[in-house]
Amino acid sequence: MDIANNISEIKNTLPEGVKLVAVSKTKPVEDIMVAYRSGHKIFGENKVQDLVGKYEQLPKDIEWHFIGHLQSNKVKFVAPFISFLHGIDSMKLLKVVNKEAKKNDRVISCLLQFHIAEESTKFGFSIKEAYDLLSSEEINSLQNVEIAGVMGMATYTDNESQIRKEFRGLKNIFNTLKNEYFSGVESFREISMGMSDDYLIAVDEGSTIIRVGSKIFGTRNY
Ligand SMILES: *Cc1c(COP(=O)(O)O)cnc(C)c1O
């Protein structure tokens, strides 16, 4: 794989303002350094232990995104350095993130994960649960987290119209929350959707952050 070339090819297709998270999970630090030396600084991981190991070995100006399901008891390991958490799916988790961010005197950007796919295995809020969370009094006391937007994963399918419909649904959720809870709040602005196989559709439907792994680093061997 020509990692640097893959990144620049993807970036060339992206409209202004859409951010690329290079998903480096399972890949060695050498691969990340190839991307880094070509000028890319934003990477995503989905396992706490791997992420911490890579953080320790790699340059400190990398912007790290945690893209998976984060367990509350592991938040403390990433809180000192993580920029974005993409998979917030409960108030409990959000409160732990706030507590650990505070200990580190930081504010961590959090994306609310929504369940938009047909598959039942993917984590995430329903719109009702998100309303409950955002309407609660507790939410205003969380000074060390910034709710920066929404995240979702489409169904794994070849059916393009279904994928499009799911991404459009997430964009609608974003618009609704923006109107109801974040009107005029500049920091609520991100829609994290789109992976190697569907990022072009996602961008078409209004994605602001795409998370691309195999199309940059090659297929993964687990
Ligand atoms: C692995 C992963 C990606 C990247 O997947 P690719 O298909 O390799 O681009 C994106 N988002 C999440 C949440 C992932 O777990």
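The structure described here is a predicted model, in which local features need pLDDT of at least 70 and side-chain atom pairs count only at pLDDT 80 or more, while totals for chains, interfaces and linings use all residues. Residues are numbered from 1 along each chain as its sequence is written, and side-chain values use heavy atoms, with hydrogens and water left out.

**Overall fold**

The protein contains nine helices and eight strands; these are DSSP runs numbered from the N terminus, with helices being H or I of at least four residues and strands being E of at least two. Its radius of gyration is 17 Å, which agrees with the value near 17 Å that a compact globule of 222 residues would have. This radius is taken over C-alpha atoms, and the globule rule is 2.2 Å times the number of residues to the power 0.38. Along the principal axes, the C-alpha atoms fill a box of roughly 50 × 45 × 30 Å.

Of the 222 residues, 51% count as buried. The accessible surface comes to about 10,900 Å², and carbon and sulfur atoms hold 47% of it; accessible areas come from the Shrake-Rupley method with a 1.4 Å probe, and for residues only the protein chains shown count as cover. Among contacts (heavy atoms within 4.5 Å) with a separation of 6 or more, 60% join residues 24 or more positions apart.

**The ligand and its shell**

Side chains of the shell approach the ligand through N or O atoms at the distances tabulated here.

| Side chain (N or O atom) | Ligand atom | Distance |
|---|---|---|
| Ser196 | oxygen | 2.5 Å |
| Arg211 | nitrogen | 2.9 Å |
| Arg220 | oxygen | 2.8 Å |

The protein covers 90% of the 390 Å² of accessible area that the ligand has on its own.

**Selected residues**

Thr26, with a phi of about 70°, lies in the loop between β1 (19-23) and α2 (29-37). Thr26 is partly exposed, with a relative accessible area of 36%. Asp105, with a phi of about 55°, is placed in the loop between α5 (91-103) and β5.

Strand β5 (residues 108-114) includes Ser109, which counts as buried at 11% relative accessibility. Setting aside residues up to four places away in sequence, Ser109 touches Ser83, Phe84, Leu85, Glu146 and Ala148.

Lys171 belongs to helix α7 (residues 160-181) and is partly exposed, with a relative accessible area of 28%. Beyond its neighbours within four places in sequence, Lys171 is in contact with Ile191 and Glu205. Lys171 and Ser192 are 21 residues apart in sequence, and their C-alpha atoms are 9.7 Å apart in space.

Terms used: Polar contact = N/O pair within 3.5 Å; in protein donor to acceptor, adjacent residues only side chain to side chain. Buried < 20%, exposed > 50% of the residue type's maximum accessible area, 1.4 Å probe, protein only.
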